[in-house]
Amino acid sequence: MDVLVINGPNLNTLGTREPEIYGSTTLAEIEDGLRAQASAAGLSLDTFQSNHEGEIIDRLHAARTDGTRFVIINPGAFTHTSVAIRDAFAAVAVPFLEVHISNVHAREEFRRHSYLSDLAVGVMTGFGVYGYTMALDYVITALGTAGD
Ligand code: DQA
């Protein structure tokens with residue numbers, strides 16, 4: 001798969017979860033939209049959601065050998081807690097974008113720190129679910145021009 005989209009804990013509840021913060025779009029709708037966007041650009045895209053830190057790490061390790069060229073991740077609350085997911089990205093050395101639906105800088109203080117942002121190519125935060133579309137748009141451009 002060219003692009004791997006990972007969503008972390010609680011993002012399986014999008015649609016009903018705190019809609020005033022996260023909107024009403026479900027994760028299935030987001031993933032369907034991203035698959036269509038990738039396919040229109042001639043790229044393959046895989047999706048993965050887990051509420052378990054170790055499963056996300058295992059999926060990242062698999063990305064080392066399954067042909068993944070770019071990862072788009074919304075790590076959910078693991079953003080602010082997980083040295084282990086940070087270490088997995090460092091180990092796998094795959095380029096990635098970090099996405100947050102809400103503007104994490106406009107919320108509680110503990111959401112302002114990310115263990116991943118300094119390793120990421122870039123961060124989208126506060127654009128609602130459109131952040132995923134923007135991220136994939138960037139990846140399509142980056143992969144399209146790779147090697148030029
Ligand atoms: C989130 C922001 C995180 O702080 C939070 O724990 C989430 C979702 C976002 O998409 O805005 O679960 O990553």
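Tyrosine 22 is found in helix H1; helices here are DSSP runs of H or I with at least four residues, strands are DSSP runs of E with at least two, and both are numbered from the N terminus. With 19 C-beta neighbours inside 10 Å, tyrosine 22 counts as partly exposed. On that scale a residue is buried if 20 or more other C-beta atoms lie within 10 Å of its own, exposed if 12 or fewer, and partly exposed in between, with C-beta atoms placed from the backbone.

Before I go on, the model is predicted: local features need pLDDT of at least 70, side-chain atom pairs count only at pLDDT 80 or more, and totals for chains, interfaces and linings use all residues. Residues are numbered from 1 along each chain as its sequence is written.

Back to tyrosine 22. Leaving aside neighbours within four places in sequence, tyrosine 22 is in contact with Leu14, Arg17, Ile101 and Ser102. Contact means that the two C-beta atoms, placed from the backbone, lie within 7 Å.

UniProt, in an unreviewed entry, places the feature "active site" at Tyr22 and His100. These two are spread over 79 residues of sequence but cluster in space, with a largest C-alpha distance of 9.5 Å. UniProt positions are given in the numbering used here, feature names are shortened, and annotations may be inferred rather than shown by experiment.

Now the partner in that record. Histidine 100 lies in strand S4. Is histidine 100 buried or exposed? Histidine 100 is buried, with 22 other C-beta atoms within 10 Å. Not counting residues up to four places away in sequence, histidine 100 touches Asn74, Thr125 and Gly131.

Next, the ligand. Which residues are around the ligand? They are Asn10, Asn74, Gly76, Ala77, Thr79, His100, Ile101, Ser102, Val104 and Arg111. The criterion is a C-beta atom, placed from the backbone, within 6 Å of the molecule. By class, this shell has three nonpolar, six polar and one charged residues. Ala, Val, Leu, Ile, Met, Phe, Trp, Tyr, Cys and Pro count as nonpolar, Asp, Glu, Lys and Arg as charged, and the others, Gly among them, as polar.

Two of them in more detail. Serine 102 lies in the loop between S4 and S5 and counts as partly exposed, with 17 C-beta neighbours inside 10 Å. Beyond four places in sequence, serine 102 is in contact with Ile21, Tyr22, Arg107 and Gly126. Histidine 80 lies in the loop between strand S3 (70-74) and H4. Histidine 80 is also partly exposed, with 16 C-beta neighbours inside 10 Å. Not counting residues up to four places away in sequence, histidine 80 touches Phe110, Arg111, His113 and Ser114.

Serine 114 counts as buried, with 20 C-beta neighbours inside 10 Å. The C-alpha atoms of serine 114 and threonine 81 are 33 residues apart along the chain and separated by 7.8 Å. Tyrosine 115 lies in the loop between S4 and strand S5 (122-125) and counts as partly exposed, with 18 C-beta neighbours inside 10 Å. Leaving aside neighbours within four places in sequence, tyrosine 115 is in contact with Thr79, Ser82, Val83, Ile85 and Arg86. From tyrosine 115 to valine 83 there are 32 residues in sequence and 6.4 Å in space, C-alpha to C-alpha.

Now helix packing. The axes of helix H3 (residues 53-63) and helix H4 (residues 83-92) come within 9 Å and cross at roughly 5°. That makes H3 roughly parallel to H4. Axes are lines fitted to C-alpha atoms, for helices over the stretch in contact, and angles run from 0 to 180 degrees between N-to-C directions. Angles under 35 degrees count as roughly parallel, over 145 as roughly antiparallel, 65 to 115 as roughly perpendicular and the rest as oblique. By class, the contact of H3 with H4 has nine nonpolar, one polar and one charged residues.

Last, backbone geometry. Most residues other than glycine have a negative phi. Alanine 93, in the loop between H4 and strand S4 (96-100), has a positive phi of about 55°. Alanine 93 is exposed, with 8 other C-beta atoms within 10 Å. Glutamate 18 has a positive phi too, near 30°, and is exposed, with 11 other C-beta atoms within 10 Å.
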